[in-house]
Amino acid sequence: MGNQRVATRYAKSLIDLALEQNQLEAVKQDMDTLQELVDVRDFALLLKSPIVTPSKKLSILETILDGRVGDMTKAFIRILVKKGRENVLVDISGAFQDQYKVINNISSVKVTSAVPIDATVLEQIKQQLVQANSTEEKIEFSTSVDPTLVGGFVLEFDGKIYDASVAHKLNELRKEFDGPNVYVSQIMQ
């Protein structure tokens, strides 16, 4: 079974338990904390290391997480370590975030622009996406800057890409001019 399938199943189990115990938001905060930790390369390498014994990993995890996450999350991590699945914690954290967004009707939209954009522009983009029924009403934006776009922006969401950049428009014009010119052939006749 692939890591993603395992991660999805464990994340689903944690979400179901959190919903049953009315602790979804608390567990979400714990998973945010875990996500910050697994983004640290050394921490991720520790989880995947076959050299470090499970008992040592559990001891390290309990020390790091003490006071930072709730009891349900700690118990969940103990189960992962006992079953030898701590190496999948990185994937579980991501799968949990994805499933949480589905439950709460939150769309993720990546915006890449030529220059940094402010909150008012993001709000306008949000309104356009919601009006077009392209996304949920709640949108979580991630932004990045790519000066090669020259101007405009690129939106990525739900496996779709909307390219409204100047660089894209220039490439389209270049393709159009590189093709056969129908007007020249009509003049030559």
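Visitor: Which residue in β4 is the bridge partner of Val 154?

Guide: In this predicted model, where local features need pLDDT of at least 70, side-chain atom pairs count only at pLDDT 80 or more, and totals for chains, interfaces and linings use all residues, the partner of Val 154 in β4 is Asp 163. Residues are numbered from 1 along each chain as its sequence is written, and side-chain values use heavy atoms, with hydrogens and water left out.

Visitor: How many bridges join strand β3 to β4?

Guide: Strands of a sheet pair through backbone hydrogen bonds, either parallel or antiparallel. Here β3 (residues 152-157) and β4 run antiparallel and are joined by 6 bridges, where two strands pair if DSSP finds at least two bridges between them; strands (E, at least two residues) and helices (H or I, at least four) are DSSP runs, numbered from the N terminus.

Visitor: What is the order of the strands in the open sheet?

Guide: The open sheet has 4 strands in the order β2-β1-β3-β4, with mixed pairing. Because β2 (138-145) and β4 (160-165) stand at the edges with a single partner strand each, one side of each has no neighbour in the sheet. On average, neighbouring strands of this sheet are turned by 20° against each other, direction ignored, the axes being lines fitted to C-alpha atoms.

Visitor: Which helix packs on the sheet, and which strands does this helix touch?

Guide: Helix α8 (residues 166-178) packs there, touching β3 and β4 (contact means heavy atoms within 4.5 Å). The direction of α8 makes about 85° with that of β4, on a scale from 0 to 180 degrees between N-to-C directions, with the helix axis fitted over the stretch in contact.
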